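Dear colleague,

Please find below the structure that I am handing over to you. My notes on it follow.

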Amino acid sequence: MKPYRYEILDGLRGVAALMVVVFHMSEAFSYDPVFKHLNHGYLCVDFFYVLSGFVIGFAYEGRMKSGLMSRWDFLKARFIRLQPMVLFGILLGAGLFFFQECNYYAGIGNASVWYVIQNMVMSFFMIPVTPEFNVRANTEMFVLNIPQWSMVFEYIANILFCLFVFKLGKKGLMVLVGLFALMIVDSALTLNLFGMLQPHDYPCSLNAGWSLTAEQFYIGVARVGFSFFTGLLLFRLIYKEGAALKKTRTPIFAICSFIIIAIVCVDQIGGYEHPLYDGIFNLICVFILCPFTVWFGSQRIELSQRTKNVCDFLGRLSYPLYLAHYPLVYLFFTWMDTHHDASFSILAFTSTATFLLCVALGYAALKLWDEPIRKWLAKK
């Protein structure tokens, strides 16, 4: 019997990846942390983590509990799945690094080839850099490809899963999720219950994890810990092996896609005067909307062949797109920084062309790099 595949969840991962590209490009139009054109794209990462926890439970937990898969086999499988595209993003980021110099990235002009090589090696081994080591004059923990920060926390969650979490019962897992939920509330509402948060003109809320500071690392752990293990708990609560497919006219994929897009497009709530309001919105998304979307998208239903094809394409594209797009977005930032007086038509054309180029690059990386290398590594 062919194993069931959660095709809608595959498609939703692709929708979220596309929205991440749009969100990152939109930041070139406004550097203000509050007043952006698309304000909540960072919450797609929390959706990714819920989805990852659910899929990890489905794909690996049963085999690990039964002893058919060892901890080492699990880690090798995850390395084969994740690391080829991490390397691709590093190489692409290194190749385009010196073309990204502009006023916004003024420090690039003072960087050496040796500096780039150092960052390539450190990035491959998932070693982040401190803010003062980033010559871009920003604080991201990876110089060549910013989105790699989320993979550090993905690896942390995977390691915790294979060390002991897969052995926890439902009650134990609920306790673990509850502890991370407390950290999420602390971060989103800036309660500073544990003394890990710092004063800012505008608090981080959940838009954090991408910089190597104690505060950012704390929030990053809270985000992946709650969302990943919530996804795992969700899998345990709803999964029924061999459940029959249902027929429905409800457009589940379209509804879930709308939820993801709507989250990203919601404007900042409260402004600088009332940051608590936006923190509450973050909590609604992380506690309710992201888990609901994964649950709703995991329904075992019969799909049309057209929907299957769309979901399959988006699912396969999602991870390569996520880790390949930002070096091109760096170039887009550079172009925007040197073309402040560009007309609306030129801006629209350049933005559209960059977005399509990111998608094309993601697909090329999938077909020419990711799938062939994963196939070769799996044989080894």
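At what angle do helix H3 (residues 71-96) and helix H11 (residues 326-337) pack, and how many Å apart are their axes? The angle is about 25 degrees and the axes are 8 Å apart. Helices here are DSSP runs (H or I, at least four residues) numbered from the N terminus. Axes are lines fitted to C-alpha atoms over the stretch in contact, and angles run from 0 to 180 degrees between N-to-C directions.

Before the remaining findings, two remarks on provenance are in order. This is a predicted model, in which local features need pLDDT of at least 70 and side-chain atom pairs count only at pLDDT 80 or more, while totals for chains, interfaces and linings use all residues. Residues are numbered from 1 along each chain as its sequence is written, and side-chain values use heavy atoms, with hydrogens and water left out.

Helix pairs

H3 and H11 are therefore roughly parallel to each other (angles under 35 degrees count as roughly parallel, over 145 as roughly antiparallel, 65 to 115 as roughly perpendicular and the rest as oblique). On the H3 side the contact is made by Gly 89, Leu 92, Gly 93 and Leu 96, and on the H11 side by Pro 327, Leu 328 and Leu 331; contact means heavy atoms within 4.5 Å. By class, these residues divide into five nonpolar, two polar and no charged. In this classification Ala, Val, Leu, Ile, Met, Phe, Trp, Tyr, Cys and Pro count as nonpolar, Asp, Glu, Lys and Arg as charged, and the others, Gly among them, as polar.

For helix H1 (residues 7-26) and H2, the axes come within 10 Å and cross at roughly 160 degrees. H1 and H2 are therefore roughly antiparallel to each other. Their crossing is left-handed, a term used if the near helix is turned anticlockwise from the far one by less than a right angle, with clockwise giving right-handed. Leu 9, Leu 12, Arg 13, Ala 16, Ala 17, Met 19 and Val 20 of H1 meet Cys 44, Phe 47, Phe 48, Leu 51 and Phe 54 of H2. The contact of H1 with H2 has 11 nonpolar, no polar and one charged residues.

Helix H6 (residues 170-188) packs with helix H7 (residues 214-238) at an angle of about 145 degrees, and their axes are 8 Å apart. The crossing of H6 and H7 is also left-handed. The contact of H6 with H7 has 17 nonpolar, three polar and four charged residues.

The nonpolar core

The largest nonpolar core holds 120 residues, of which Phe 47, Phe 161 and Phe 229 touch the most other members. Such a core is a set of buried Ala, Val, Leu, Ile, Met, Phe, Trp, Tyr and Cys residues joined through side-chain atoms within 4.5 Å. Helix H2 (residues 43-66) gives the largest share of this core, 12 residues. Buried means under 20% relative accessible area, exposed over 50%, and partly exposed in between, with a 1.4 Å probe and protein chains only.

Leaving aside neighbours within four places in sequence, Phe 47 is in contact with Leu 12, Arg 13, Ala 16, Ile 260, Cys 290, Thr 293 and Val 294. Phe 161 is in helix H5 (residues 149-163) and counts as buried at 0% relative accessibility. Beyond four places in sequence, the contacts of Phe 161 are Ile 56, Glu 61, Met 64, Phe 74, Phe 166, Phe 228 and Leu 232. From Phe 161 to Tyr 319 there are 158 residues in sequence and 21 Å in space, C-alpha to C-alpha.

Other buried positions

Val 286, in helix H9 (residues 275-297), is buried, with a relative accessible area of 1%. With neighbours within four places set aside, Val 286 is in contact with Leu 43, Asp 46, Leu 206, Phe 226, Ser 227 and Pro 291. Ser 123 lies in helix H4 (residues 113-124) and counts as buried at 2% relative accessibility. Under the same exclusion of neighbours within four places, Ser 123 is in contact with Val 86, Ile 90, Phe 142 and Gln 148.

Thr 190 is partly exposed, with a relative accessible area of 36%, and Asn 192 counts as partly exposed at 32%.

With kind regards

Terms used
Helices (H or I, at least four residues) and strands (E, at least two) are DSSP runs, numbered from the N terminus.
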